Protein chains: 2
Amino acid sequence: MSSPELDPRTAALLKRDPAGLVCAVVQQHDTHEVLMVAWMNDEALARTLATGRATYWSRSRGQLWRKGDTSGHVQHVRKVSLDCDGDALLLEVDQVGAACHTGDRTCFEATTLPLATPTA
Amino acid sequence: MSSPELDPRTAALLKRDPAGLVCAVVQQHDTHEVLMVAWMNDEALARTLATGRATYWSRSRGQLWRKGDTSGHVQHVRKVSLDCDGDALLLEVDQVGAACHTGDRTCFEATTLPLATPTA
């Protein structure tokens, strides 16, 4: 696969962490479920924008990771938004199958933390 | 304000970054809008769970930050979920007013990045 360059105007908007990454929140475009959180470097973002296939940087494996290449659980990207301070992206996607490697639809299903106080 | 302790069972589930933080995605509980992304250390999470008021760690100011104390734009927390690998939280909240410091309802409204390819 060729390596598209990130548009310099986009690159200039990003506020990367010390590892060169921004946080990507991934949301199913129609149901609005939050599916997962992943990380992108400039190349991952460039590939995502160029191809419409969500591509991340795997911090554990230290390599680019195009979602679905192994699992088949592809994310077709509909919209990418950058937050007000440039360190987080929102990807609205059409998720094929499960987003989570556990087989759950989202990565947030398994563990709910106990709230001590009911809120108003 | 007293400093509640984070439940050791919860603390044991967290996979913190080198700065001791986990990412928190904040979603309006009923409309499912993604409002913002912020960061939590153990104390911020403990206070959030104990009080039902979303409290973060400000990386720029280096201090705890209870959302709404200055702006009035409080977040009443309805549910907190931890993701499958323990490094991201999903807060479902009832957001009073604007989530973004710019006055926008969400932090993701101002900037959409151009997708080169329409997706299937």
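The model is predicted.

The size of an interface is often given as the accessible area lost when the parts come together. Here, chain A and chain B bury about 3,700 Å² between them. Carbon and sulfur atoms account for 65% of that area. In chain A, the residues that lose the most area to chain B are Phe108(A), Leu113(A) and Leu115(A). Together they make up 18% of what that side buries. In terms of contacts, 44 residues of chain A meet 44 residues of chain B.

Polar interactions also cross the interface. The rule finds 12 residue pairs in polar contact between chain A and chain B, both residues being at pLDDT 80 or more. The largest share, 7 residues, comes from S5(A). By residue class, the side of chain A that touches chain B divides into 24 nonpolar, 15 polar and 5 charged residues. Salt bridges across the interface number 2. One of them links Asp87(A) to Arg59(B). The closest N and O atoms of this pair are 2.5 Å apart.

S7(A) pairs with strand S5 (residues 75-82) of chain B. This pairing is antiparallel and runs over 3 bridges. Within it, Thr111(A) stands opposite Leu82(B) of S5(B). On the chain B side, S5(B) pairs with strand S6 (residues 88-95), again in the antiparallel sense. That pairing covers 7 bridges. Ser81(B) has Leu90(B) in S6(B) as its bridge partner.

The sheet as a whole is open and has 5 strands. Their order is S7(A)-S5(B)-S6(B)-S1(B)-S2(B), and the pairing is mixed. S7 of chain A and strand S2 (34-40) of chain B stand at the edges. Each has a single partner strand, so one side of each is left without a neighbour in the sheet. From one strand to the next, the twist averages 30°.

Technical notes
Residues are numbered from 1 along each chain as its sequence is written. Chains are lettered from A and ligands numbered from 1 in the order in which they are written. This is a predicted model: local features need pLDDT of at least 70, side-chain atom pairs count only at pLDDT 80 or more; totals for chains, interfaces and linings use all residues. Side-chain values use heavy atoms; hydrogens and water are left out. Contact means heavy atoms within 4.5 Å. Buried area is the accessible area (1.4 Å probe) that two parts lose on being put together, summed over both. A salt bridge is a side-chain nitrogen of Lys or Arg within 4 Å of a carboxyl oxygen of Asp or Glu. A polar contact is a pair of N or O atoms within 3.5 Å; within protein, one must be able to donate a hydrogen and the other to accept it, and residues adjacent in sequence count only if both atoms are side-chain atoms. Helices (H or I, at least four residues) and strands (E, at least two) are DSSP runs, numbered from the N terminus. Ala, Val, Leu, Ile, Met, Phe, Trp, Tyr, Cys and Pro count as nonpolar, Asp, Glu, Lys and Arg as charged, and the others, Gly among them, as polar. Two strands pair if DSSP finds at least two bridges between them. Axes are lines fitted to C-alpha atoms, for helices over the stretch in contact, and angles run from 0 to 180 degrees between N-to-C directions.
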